[in-house]
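Hi there,

Here is the structure I promised to pass along. Have a look first, and then read on for what turned up in it.

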Amino acid sequence: MLSERINRKQIVIAKKDALDRSDNEYWEHASIEEKLETITYLRECFYGEEATTGRLQRFYTVLKLK
């Protein structure tokens, strides 16, 4: 899982396009399990543990017709 620490002693100087390409290549080759683990981890970081253990909330949008 995402237990690796960030190495703050390493500096990378690169253009944004090159970094975006390498990120895209990484995620293209990542397994489904790894992608789901990452999504779950990010949801817990942003919304707390309840976001991954509970159910998704339903909501409705009401639109008025002209």
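Of the 66 residues in the protein chain, 5% are buried. Please keep in mind that this is a predicted model. The accessible surface of the chain comes to about 7,500 Å², and carbon and sulfur atoms account for 55% of that.

How confident is the predictor? The average pLDDT of the chain is 82, and 88% of the residues score at least 70. Among the elements, α1 has the highest mean pLDDT, at 90, while helix α3 (residues 50-53) has the lowest, at 72.

Let me start the details with helix α1, which covers residues 16-29. The structure holds one salt bridge, and it is found here: Asp 20 pairs with Lys 16, with their closest N and O atoms 2.7 Å apart. In general, side chains of opposite charge can pair when their charged atoms come close. Both Asp 20 and Lys 16 belong to helix α1 and sit four residues apart, about one turn of the helix. How exposed are the two partners? Lys 16 is exposed, with a relative accessible area of 59%, whereas Asp 20 is partly exposed, at 32%.

Helix α1 also contains Ser 22. A polar atom of the Ser 22 side chain lies 2.9 Å from the backbone oxygen of Leu 19. Ser 22 has a relative accessible area of 37%, so it counts as partly exposed.

Now on to helix α2, which spans residues 32-47 and includes Phe 46. Is Phe 46 buried or exposed? Its relative accessible area is 65%, and because the cut-off for exposed is over 50%, Phe 46 falls in the exposed class. Phe 46 is also one of the residues in a nonpolar patch on the surface, alongside Tyr 41, Leu 42 and Tyr 47. Together, these four residues have about 490 Å² of accessible area.

Happy to go through any of it with you.

Best wishes

Key. Residues numbered from 1 in each chain as written. Predicted model: local features only at pLDDT ≥ 70, side-chain atom pairs only at ≥ 80, totals over all residues. Heavy atoms only, no water. Patch = residues over 30% accessible without salt bridge, like charges linked within 9 Å, V, L, I, M, F, W, Y side chains within 5 Å. Areas by Shrake-Rupley, 256 points an atom, 1.4 Å probe, with all protein chains shown as cover. Salt bridge = Lys/Arg side-chain N within 4 Å of Asp/Glu carboxyl O. Helix = DSSP H or I, 4+ residues; strand = E, 2+ residues; numbered from the N terminus. Buried < 20%, exposed > 50% of the residue type's maximum accessible area, 1.4 Å probe, protein only. Polar contact = N/O pair within 3.5 Å; in protein donor to acceptor, adjacent residues only side chain to side chain. pLDDT = per-residue confidence, 0-100.
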